[in-house]
Amino acid sequence: MFECVVDKSGKEFFNPKQIEINTIASGGIKLGSGLSSVHSDVLQYAKIKELTAHLPKNESLSKITQGFLTAWKDYGNPNAIILILCKDNTPNIFDQRAVEYAIYNLDEHITVRRKTCWELIASIALSPDGKLFVDDEEVAIVYFRVLYTANDYTDEKFWDVRLKVEMSRAILCPSIGYQLAGCKKMQEVLAKPDVLERFIDDVDVVRKIRSTFAGFYELEMNSDGDNAVQMALTNPDLYVLKPQREGGGNNIYGEHIVTLLSEIGNDERRCAYILMEKICPKPLDNIFVTASGHQKVQAISELGTFGVILARGNDVIENYFADHLMRSKSHEHNDGGIDNGLSVPDSPFLF
Ligand code: ADP
Ligand code: MG
């Protein structure tokens, strides 16, 4: 999100502020790159083609697919498959299929299988040397598009499926460590003094990254936690209260923060949340085109950037930026999200 700050002379600055990091089930890979070319076509039809220079190139689909190909080759068995572990009846199938077809385009010899957890219960097996099999096919990569949030474990047996996957030598997208690194609690920890410095030596890089962090206030059972609760109760509109959940619709705003924190009281259930400063972007004119037509909207845009990392232990084999996905929502909504219909995919316009 881009926080809008006005200096003494009235000049506006748009500072990028990080909302979150998603390390599991990152989606919208096709949407971003597909929409960039739609917008560039629209500018051409509108006879303002010269403005396409302001649209940054977006090759997220091919860059991310290339990451899958590199990982699959690294696994070292040309007969091993890529497994997309997915939900039943998900609208995200369109995004996931795009990844699948793009993999085939890169290398027609790779087999990609889509399976739900229900299907895996009967078909998954682990060999004594750690190879993962599904229906007797060896698995090179497991790409998680489910099992990222507690609600996904609708059956106890899904935990057994997850355990087998985690115990295998298949390449996991992501590994359990990376999933944990994407937890909201980690953002709070990374924002603490001297923590980024443990991972990055370049002070200038540390400064730039830290400038994108919003304020985080820990809710542990100590005096800092007590103070944070008081701050949130006094000025709830300045904060967002977040549980350790993914997938949208979980964050708590405004008076609901007061209700929840008052109900919890001085209880360690509060440690399950993080308290984050609420970012205040400036709404900008936009036109949303949806199935029900088009409408002018005062919109807030959120820029997501993709990255690919492939590592064996501490040995990093690939690590690169893989373009972006912009989402815009009406300024009236607190939460955004394409799946829940609140946001629309969009393109950045550089000026
Ligand atoms: P989830 O992981 O469930 O998607 P997020 O932390 O990404 O949850 O938040 C969902 C949405 O809520 C974001 O896309 C953004 O629109 C809004 N949001 C989250 N944190 C903030 C914040 N600190 N300030 C303003 N809006 C926020
Ligand atoms: Mg998330």
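These legends describe close-up views of a predicted model.

Local features need pLDDT of at least 70 and side-chain atom pairs count only at pLDDT 80 or more, while totals for chains, interfaces and linings use all residues. Residues are numbered from 1 along each chain as its sequence is written, chains are lettered from A and ligands numbered from 1 in the order written, and side-chain values use heavy atoms, without hydrogens and water.

**View 1. The largest nonpolar core holds 26 residues.** A nonpolar core is a set of buried Ala, Val, Leu, Ile, Met, Phe, Trp, Tyr and Cys residues joined through side-chain atoms within 4.5 Å. Buried means under 20% relative accessible area, with a 1.4 Å probe and protein chains only. F68, I82 and I141 touch the most other members. Two or more residues each come from α2 (60-75), β3 (81-86), α3 (93-106), β7 (137-144), β14 (293-312) and β15 (315-330). Helices (H or I, at least four residues) and strands (E, at least two) are DSSP runs, numbered from the N terminus. α2 gives the most, with seven residues. A second, separate core of 21 residues includes L85, I124, F144 and A170.

**View 2. I82 and its contacts.** Contact means heavy atoms within 4.5 Å. Neighbours within four places in sequence are left aside. I82 then touches F68, W72, I103, I110, T111, V112, R113 and I141.

**View 3. Helix α1 (residues 29-45) packs on α3.** The angle is about 80 degrees, and the axes are 8 Å apart. Axes are lines fitted to C-alpha atoms, for helices over the stretch in contact; angles run from 0 to 180 degrees between N-to-C directions. α1 is therefore roughly perpendicular to α3, a label for angles of 65 to 115 degrees. I29, K30 and L31 of α1 meet D95, A98 and V99 of α3.

**View 4. Strands β13-β14-β15-β16 form an open sheet in that order.** Pairing is antiparallel. Two strands pair if DSSP finds at least two bridges between them. β13 (284-290) and β16 (343-346) are the edge strands, each pairing on one side only. Four bridges join β15 to β16. S328 stands opposite V344 in β16. α2 lies across β14 and β15, at about 150 degrees to β15.

**View 5. A four-stranded open sheet has the order β9-β12-β10-β11.** Its pairing is antiparallel. β9 (216-217) and β11 (252-253) stand at the edges with a single partner strand each, so one side of each has no neighbour in the sheet. Two bridges join β9 to β12 (residues 273-277). The bridge partner of Y217 is L275 in β12.

Methods:
Buried < 20%, exposed > 50% of the residue type's maximum accessible area, 1.4 Å probe, protein only. Parallel < 35°, antiparallel > 145°, perpendicular 65-115°, else oblique.
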